[in-house]
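Open the model in a viewer and keep the selection panel at hand. The stops below go from a pair of packed helices to charged side chains.

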Amino acid sequence: MKADLHLHSVYSDGKYSPEEIARRAKQAGLKLFSLTDHDNMGGSEEAEAAAQKYGLHFVRGWEVSSYDDCKVHVLGYGCRGGAAYRDFLERRKTGGLLRARDMLEKANSYFCTSLTMNDVEREHLKKDAPLHTMHVVRAFARRLSVKADALYLSAFDRGKPCYSDLYRPLPEHAIEAIRADGGISSLAHPGRIALDFAAKEALMLRLVSAGLDGIECVYTTHTAEETAYFEAFARRRGLFTTGGSDFHEEGGRAVLGNPAFRADGRLLAALGIPFGGGGE
């Protein structure tokens, strides 16, 4: 089944509503999509209603922004949104606010500006979702008249002067929270993890031992060689193979529905998606 299982909306750092994401998914010829906003599933009900409107399958998802000496994000699918999720979400909200204030202070000092949390909150469109680093970045990008992505890499990424490591969970914490809420976990964009090959494989093995269920093998920036390696790694360990674009907005690096990913019957069964075969 043609799918895109990594999409962002206004409930984190994406530019479009869940309704618009669903419309674009239909336009791209997808049969299944998942909204995977950072650290929350706030757009799930809107996305599910839109999926029904456009005749698409939908699975609840989110992307936990976890860290372990570098960015190691974990995708969660099929979570119920119960007590385990709500507890994790509240901690992400509290941590996100404190981290945003830390970045704001550092960035004002670095850029000799005087932005306030009100400036940051203007970028934070969904107040019931956690504040994200990109909300802070976009506030400064607007003030400095520069592109947000470039500003993030130069000033807010790990090791840069405005970075904050406050309240960032380990990937094991993400896996635990996803499993406790009845979902399956998949390591997001492993090709982007800033580790050498040996360290990256050691990390993946460690996370498999911690209960990781899958690997996002098909991804926008993965090379053919990386995709093949991650698929082989997943196959040898009985993990699910997932894939998605990581789409945020038109004109960005990612294109919704690309690269092409087809969810197999085993993954669809785990996600509770009916599958009739026939290359649907």
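Begin with α1 and α2, whose crossing is right-handed, that is, the near helix is turned clockwise from the far one by less than a right angle. Select residues 18–27 for α1 and 44–54 for α2: the two pack at an angle of about 35 degrees, their axes 8 Å apart. Axes are lines fitted to C-alpha atoms, for helices over the stretch in contact, and angles run from 0 to 180 degrees between N-to-C directions. Helices (H or I, at least four residues) and strands (E, at least two) are DSSP runs numbered from the N terminus.

This is a predicted model, in which local features need pLDDT of at least 70 and side-chain atom pairs count only at pLDDT 80 or more, while totals for chains, interfaces and linings use all residues. Residues are numbered from 1 along each chain as its sequence is written, and side-chain values use heavy atoms, with hydrogens and water left out.

Next, show the side chains between the helices. From α1, Pro 18, Glu 19, Ala 22, Arg 23 and Lys 26 are in contact (heavy atoms within 4.5 Å) with Glu 46, Ala 47, Ala 50, Ala 51, Lys 53 and Tyr 54 of α2.

Stay on α1 and select Pro 18, Glu 20, Ile 21, Ala 22, Arg 24 and Ala 25, its buried residues. Buried means under 20% relative accessible area, exposed over 50%, and partly exposed in between (1.4 Å probe, protein chains only). Their cover includes β1 (3–7), β2 (32–35) and α2. After α1 comes Gly 29, with a positive phi near 85 degrees.

Now zoom in on Glu 20 and Arg 24, which form a salt bridge with the closest N and O atoms 2.8 Å apart. A salt bridge is a side-chain nitrogen of Lys or Arg within 4 Å of a carboxyl oxygen of Asp or Glu. Glu 20 counts as buried because its relative accessibility is 18%; Arg 24, at 16%, also counts as buried.

Move to helix α3 (residues 83–111) and select Arg 92.

Finish with Arg 206 and Glu 172, joined by a salt bridge at 2.5 Å, N to O. This pair links α8 (residues 197–209) to α7 (residues 171–180), 34 residues apart in the chain.
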